Amino acid sequence: MSRLILLLIMSVLLTACASNHITVPDNAPAASLDDVDSRLWNEARLLQFHQQWQGTPYRLGGLTKKGLDCSGLVYVAYQDLVGPSIPRTVQGQTSLGTRIAKSDLRSGDLVFFKTTGRGRHVGVYLSGHRFLHVSTKKGVIISSMDNVYWKPRYWFASRL
């Protein structure tokens, strides 16, 4: 019984990234992805961004050091490192870039996961099968895509 309750609680927490709560509308002007400078959106700069934001707590709809959600992290990282805005929600971010095979992942690619029936999660790929994202329990962290939780939930990736 306690295991069922724990699974239910985890499902609720992990679906939060798929919420329709929007701080910045998806129809906000999006970045021209043709203009993305790989010197700005690369692993070294993403790791610096991680150091600045590491441990920042999960907060649905948040975009500050007080808390942010998964799509908010991608939104803020892109804005801080590249400049122009991208869509704010996971749903909006799924339409960015070009879909690529998991075997072709490179640092900076967006990685998407299906956490529950309607729940979605997004992060930024780093080398070594790792990705930068926001955990509901640990805040901004780097996790392994081979983790027993994330590996079976991988959905697709896109390159900006």
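This is a predicted model: local features need pLDDT of at least 70, side-chain atom pairs count only at pLDDT 80 or more; totals for chains, interfaces and linings use all residues.
1. Leaving aside neighbours within four places in sequence, Phe49 is in contact (heavy atoms within 4.5 Å) with Leu73, Val76, Ala77, Asp80, Leu81 and Leu132.

2. Phe49 also belongs to the largest nonpolar core, of 28 residues, where Trp41, Phe49 and Leu110 touch the most other members. Such a core is a set of buried Ala, Val, Leu, Ile, Met, Phe, Trp, Tyr and Cys residues joined through side-chain atoms within 4.5 Å; buried means under 20% relative accessible area, with a 1.4 Å probe and protein chains only.

3. Two or more residues each come from helices H2 (43-53) and H3 (70-81) and from strands E4 (110-114), E5 (120-126) and E6 (130-135). H3 gives the most, with 8 residues. Helices (H or I, at least four residues) and strands (E, at least two) are DSSP runs, numbered from the N terminus. Another core, of 11 residues, lies apart and includes Ile100, Tyr125, Met145 and Tyr149.

4. Do look at E6, where 5 of 6 residues are buried. E5 and E6 pair (at least two DSSP bridges) in the antiparallel sense over 3 bridges, with Tyr125 bridged to Phe131. Their hairpin has 3 residues between the strands, and Gly128 takes a positive phi near 70 degrees.

5. On to E7 (residues 139-144), which pairs with E6 in the antiparallel sense over 6 bridges. Arg130 stands opposite Ser144, and 3 residues separate the two strands in their hairpin.

6. A note on reading the values: residues are numbered from 1 along each chain as its sequence is written, and side-chain values use heavy atoms, leaving out hydrogens and water. Local features need pLDDT of at least 70 and side-chain atom pairs count only at pLDDT 80 or more, while totals for chains, interfaces and linings use all residues.

Conventions. Buried means under 20% relative accessible area, exposed over 50%, partly exposed in between (1.4 Å probe, protein chains only).
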